[in-house]
Amino acid sequence: LKVSLSCLIVDDSEEFLASATRLLSLQGVRVVGRASSGGEAITLADALRPDVTLVDIELGDEDGIELARRLASAAPSKHVILISLRDRGELTELISGSGAIGFLRKDVLGAQAVADLIGRRRQSDAGQEPPHVS
Amino acid sequence: MSAEPAQNRNLLREQEALRRVATLVAQGTGPERLFDAVADEVSVVLGVGAVSLVGYDSDRQMFSPIADTHGRRSAMPPGAWWPLGVSPLGRLIVETGRSARIDDWSRLEGPVAERHRAEGYGPAVGAPILVDGAIWGYIGVYGEGGEAFPPDCESRLGAFTQLMALAIANVQARDQLRSLAESQGALRRVATLVAQGDEPQTVFTAVAVEAARILGVGAVSLISYDPETELFTKIFGTHGERAAVPDGGSWGLDQCPEGALILRTGGPVRIDDWTRIPGPVAARHREQGFGQCVAAPIVLDGTHWGHIAAFGEAGQNLPPRCEAQLADFTHLMASALSNARTRDELRGLAERQGAALRRVATLVAQQASAPVIFDAVAGEASRALGVARVDVGRCDSGGSVTLLGSTGRSDVQHDHTFSRTGECVAAKVMQSGTAARMDDWATLAAADAKVAAEEGFRSAVGAPITVDGTLWGVIVVLSDEFLHRDTETRLTDFTHLVASSISNVHARNSLIASRARIVTASDETRRRIERNLHDGVQQRLVSVALSVRAARAYPLPREVQSGLDEIAAALDDVMEEIRIFSRGLHPALLSRAGIGPSVRELARRSPVPVMLDVAAVPRLPEPVETAVYYVVSEALANAAKHSRATEVSVTVGCDGPRAGAGVVRATVADDGVGGATPDRGSGLIGLVDRVEALGGRFTLDSPAGRGTTISIELPLGDRRGGSDIA
């Protein structure tokens, strides 16, 4: 275990937050916080400084894209990944320009998928090797 | 899944059924064929055993089954008239004026109830069909066995009866217009005969024959009356060998019941029952198999000249409009005969009035817009009556008049509103409800009168436009010469036509509004279902899927591992199915981001390369955005499926929106094989329906071998097409 990622999950479904936390934790990610609204997410991200924040695009009545934009511009060194139940193909127009480093459909969420997106971004930024997780 | 998605599915199916029926109404489908479609849809949507369409007579004492799906189980075959008392459901609807249901037929009496029980029908629900505010009939549904209908059955059936009512109102408006045009045509033929100097007998023959044809009755007589001798003389009849009195024969008051009645009442009369009328004429009438008689006076230059009598065949039920048709006809004929004195003038009338009314009737039939129709009415009235100025205006409750059409004015625009409280012709018409005139302006103090005098007008005549029994507007003609005293009569002819066009446009406007409501309701339902799936079932399934994958991280026996693998794979399949279903329901991106991003997304997914030109389109009303999206989506799908195109161009642009105005345009053009038609299962007909429901325009240009171009234009704001004259 070279790197243990810290992660904040933002989603308005308690059930999803619980199952995603359980899965990511088992796969070696430290889920340091969970938020169910934009306001909570900003506060937690400030306090916890997670390596990566997962943001649901449809955050109840709030706009997850707008939240991603704020998180990414407030802490550009940290990473935001958008998540949704829908296919990327339905949302490409929204994802591009959100400041997020990538998108994951919720059912393929996992530690490796998150690490791959971060790795790809670091590679394109500085030519680094992607991190490994157990 | 829970009960909710099943409910959603039913709602969706019902919205689609309503949309199919609304499309038929919009296509001008007649009530009988429409009923077949309604019966099919209602049977499926409400899951009932049989459906019937029933009409009432005008005073709702009788009813007649018009069509049904009972087949051999029918209690009463369509076509016959029955007393209201025998139909428990029909009577309840008339008594309450609203939907009715009968859950328990076991203690009801009468032939209908007995038959109902014998055929094993269960509960029944009926919803009234309201046409022009009155109960025209109802649609009844009959369940199999004993299970009661759900409580919302009445309101769901009501949605279908509303569409049925629209179709009936449409047909009635068309019928009224057609019969008016026919009457006018008959007048023209009669007047032409007189103008040609034909023998009076030829003219009278033509009058009787035309009247018999227009009314569709067994025979028509033309009878004159001499007040000095108190004798009726039969000028001409179409009875042939069935005549009681030969042409030229005379008889007294006691032998001519309809003539005597007319002399007493001064208006049109109807005799239903000849059995108790004494005398040889009535006896001969009965023998020859004539039934009802409708007659109307002919008044020539203010004096009673005689009457026209129409005789139905025995058992023929002459419709209530018969009196009015005959009265219109005699009225027109009287003015034709009156004008016969001056042959030149008459020839002018025959040519001008007949042709003028036809031109206006054509515009109405072509569904021209309100300003076009009313300007044409004013122009034709001006030419036919030889007057310098004609105004057509609409009355409102505050006593003012809004100008809808005019000729001979240079000063005022359409929609200008005048206060009409002073002494003027329009005010007189509005107060009295009848035609009025004004010949001397000099003595009047009102501003309007001064203006008229200054403009050099000598004489003005106005006539009311009466729609559905209420004063709708006025038509006023002004002349610098004294207007002949038959002007009131001739002007009244024009107001009949105007009234008919208004009633027609009214029917069309309510149809457009109803289609828009249905399309919007259907989209709203789909959007809600998509939302419910997303926030409910899909969210839960993905959580379960992640939990299953979490469970697989633990060391487990191999059998358990492979079981979990199977569960995970099955969950993936289920989620994929729902995602596909969900995408077909409503485009999520459209609600979130509007037309621009959604159309770009469609272009990205298109298998045929797309040249995209999408202007910065602001957020628009949801029905408009949805229509643009579906048009582009369907056009791109067609291009990929059928056209063998190598490139498609998509252009979307928007003028406005300003308050209550603006238009959005979209064009999809491919370089494929062309030859697309809206009727070949291409999904285009659904688009046409959707666009027209929003008052927009859909054009398809697809010449064989030269590509396909689909263009739409949708108005923004409140004025979504249709004329606003009603």
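How many residues of chain B are in contact with chain A, and how many of chain A with chain B? In this predicted model, 28 residues of chain B touch 30 residues of chain A. Leu546(B), Arg579(B) and Arg592(B) account for 23% of the area that chain B buries against chain A, more than any other three residues. Between them, the two chains bury about 2,600 Å², of which 51% lies on carbon and sulfur atoms.

Nine salt bridges were identified across the interface of chain B and chain A. One of them joins Arg86(A) to Glu530(B), with the closest N and O atoms 2.5 Å apart. On the side of chain B that touches chain A, two or more residues come from each of H14 (487-551), H15 (558-585), H16 (588-593) and H17 (595-605), helices of chain B. H14(B) gives the most, with twelve residues. By class, this side of chain B comprises 13 charged, ten nonpolar and five polar residues.

Within chain B, H17(B) also packs with helix H18 (residues 622-643), at an angle of about 10° and with the axes 10 Å apart. H17(B) is therefore roughly parallel to H18(B), since angles under 35 degrees are counted in that class. From H17(B), the residues in this contact are Ile595(B), Ser598(B), Val599(B), Leu602(B), Ala603(B) and Arg605(B). They meet Glu625(B), Val628(B), Tyr629(B), Val632(B), Ser633(B) and Leu636(B) of H18(B). The residues of the contact of H17(B) with H18(B) comprise eight nonpolar, two polar and two charged.

Terms used: Residues numbered from 1 in each chain as written. Chains lettered and ligands numbered in written order. Predicted model: local features only at pLDDT ≥ 70, side-chain atom pairs only at ≥ 80, totals over all residues. Heavy atoms only, no water. Contact = heavy atoms within 4.5 Å. Buried area = accessible area lost by both parts, 1.4 Å probe. Salt bridge = Lys/Arg side-chain N within 4 Å of Asp/Glu carboxyl O. Helix = DSSP H or I, 4+ residues; strand = E, 2+ residues; numbered from the N terminus. Nonpolar A, V, L, I, M, F, W, Y, C, P; charged D, E, K, R; others polar. Axes fitted to C-alpha atoms, helices over the stretch in contact; angles between N-to-C directions. Parallel < 35°, antiparallel > 145°, perpendicular 65-115°, else oblique.
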